[in-house]
Amino acid sequence: MFTGLSEFLAVADHASFRAAAAELGVTPAAISQAIRSLETRVGLPLFQRTTRSVALTEAGADFLARLRPASAEIGEALEALVQLRQRPIGRLRLSVPRIALDLVIIPLLPEFRRAYPDVRVEIAVDDASVDLTTGRFDAGIRIGEFIERDMVAVRITPDFRWSVLGAPSYFDTRGRPRVPEDLTSHECIRYRFPTAQAVYRWQFQRKGKEFSLDPPGSVIVNDHITMIELAKKGVGLAYTADLVAACELQSGELEAVLASYLPTKPGLFLYFPAKSQNQPKLRAFIDMSTRCMRKGR
């Protein structure tokens, strides 16, 4: 559809096939052939040619008047693409679980926006696994062990130490489990992955070997923050990461039990397809995320 248009514009600008050829780096014969093909396609002569001059016909002048603004817009669009390649600009879409908000997004985003004001950030909060390509996301944040192997994954938090937590009021009423098997006589707040049918089994370790339990519980949620809030109210015991409940542990609203039986697992990672990592907007977010982690934010 666009074949011959650049040649037409060059000839119209210079009123010369030879000068147009020099601008485009081709031969005058190639310019002449391109113009003839264009004229054949539209069924009208676009230039009047003599041995001494080249001038637009009436049809050619009308065509140029319509084509010039479109050509300028195309040029601006191409320049915008160059800008996208050269500096952080555009919209950055991220899919993140709710636990990533306090641990990563809220501490990081103000500084990122100050550093890169031309990047618009869209955060989609969803604990479910998502297909980045189908959802048109640039990147996602998830717990390391749940990221697909074909993704590039960059660590953005320390490892998680998993914890069984309860409110002091709960322990005053129900006592404290001493070994994981004691959980069978406790009320536990269970977690179901949003995209899974099975309820998550609590993971433990003993003498270097891992094992899991399916403790009893009358409440099932699909969000760690809700689980923590319910645990604070004494509804039951929660199984979550130490970093996720760090404030509650520090304040004493929740207390940890069974610490010697709990495993350490990979924390949160920023992940994305390999082909996306050279986008300046994403590269900037990757670099700032890893830098903040090293600083211990």
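## Aromatic pairs

Trp162 is buried in this predicted model, with a relative accessible area of 6%. Phe160 is buried as well, at a relative accessible area of 0%. The structure holds 15 aromatic pairs, one of them formed by Phe160 and Trp162 in an edge-to-face arrangement, with 6.1 Å from centre to centre and 85° between the planes. Both residues belong to a cluster linked by ring pairs, which also takes in Phe146, Tyr191, Phe193, Tyr200, Trp202, Phe204, Phe211 and Tyr239.

Rings also take part in contacts with charged groups. The charged end of Arg93 sits over the ring of Phe137, 4.4 Å from its centre. The ring of Phe171 has the charged end of Arg176 over it, 4.4 Å from the ring centre.

## Salt bridges

A search of the whole structure finds 15 salt bridges. One of them joins the side chains of Asp223 and Arg98, at 2.5 Å from N to O. Asp223 lies in the loop between β11 and α8, and Arg98 in the loop between β3 and α5, so the pair ties together parts that are 125 residues apart in sequence. Asp223 is buried, with a relative accessible area of 8%, whereas Arg98 is partly exposed at 35%.

Arg176 also forms a salt bridge with Glu255, and their closest N and O atoms are 2.4 Å apart. This pair links distant parts of the chain, with Glu255 in strand β13 and Arg176 in the loop between α7 and β8, 79 residues apart. Glu255 is partly exposed, at 25% relative accessible area, and Arg176 is partly exposed at 36%.

Asp287 and Arg283 form a salt bridge with the closest N and O atoms 3.3 Å apart. The two are four residues apart in helix α10, which means that about one helical turn separates them. Asp287 is partly exposed at 33% relative accessible area, as is Arg283 at 32%.

## Helix α3

Helix α3 has 15 residues (28-42) and should span 21 Å at 1.5 Å a residue; its end C-alpha atoms are 21 Å apart, in agreement. Ile31, Ser32, Ala34, Ile35, Leu38 and Glu39 are buried in α3. These buried residues fall within an arc of 165° seen down the helix axis, so they line one face of α3. The face turned away from the buried side carries the exposed residues Ala29 and Thr40. Gly43 follows α3 and has a positive phi, near 80°.

## Confidence

The mean pLDDT of the protein is 90, and 95% of its residues reach 70 or more. Confidence is lowest in helix α4 (residues 58-86), at a mean of 76, and highest in strand β13 (residues 255-257), at 97.

Note on methods
Residues are numbered from 1 along each chain as its sequence is written. Side-chain values use heavy atoms; hydrogens and water are left out. Rings of Phe, Tyr and Trp (its six-membered ring) pair if their centres lie within 6.5 Å; planes under 30 degrees apart count as stacked, over 60 as edge-to-face and the rest as tilted. Buried means under 20% relative accessible area, exposed over 50%, partly exposed in between (1.4 Å probe, protein chains only). A charge sits over a ring if NZ of Lys or CZ of Arg is within 6 Å of the ring centre and within 35 degrees of the ring normal. The expected span of a helix is 1.5 Å times one less than its number of residues. The arc is that of the directions from the helix axis to the C-beta atoms. pLDDT is the predictor's confidence in each residue, from 0 to 100. A salt bridge is a side-chain nitrogen of Lys or Arg within 4 Å of a carboxyl oxygen of Asp or Glu.
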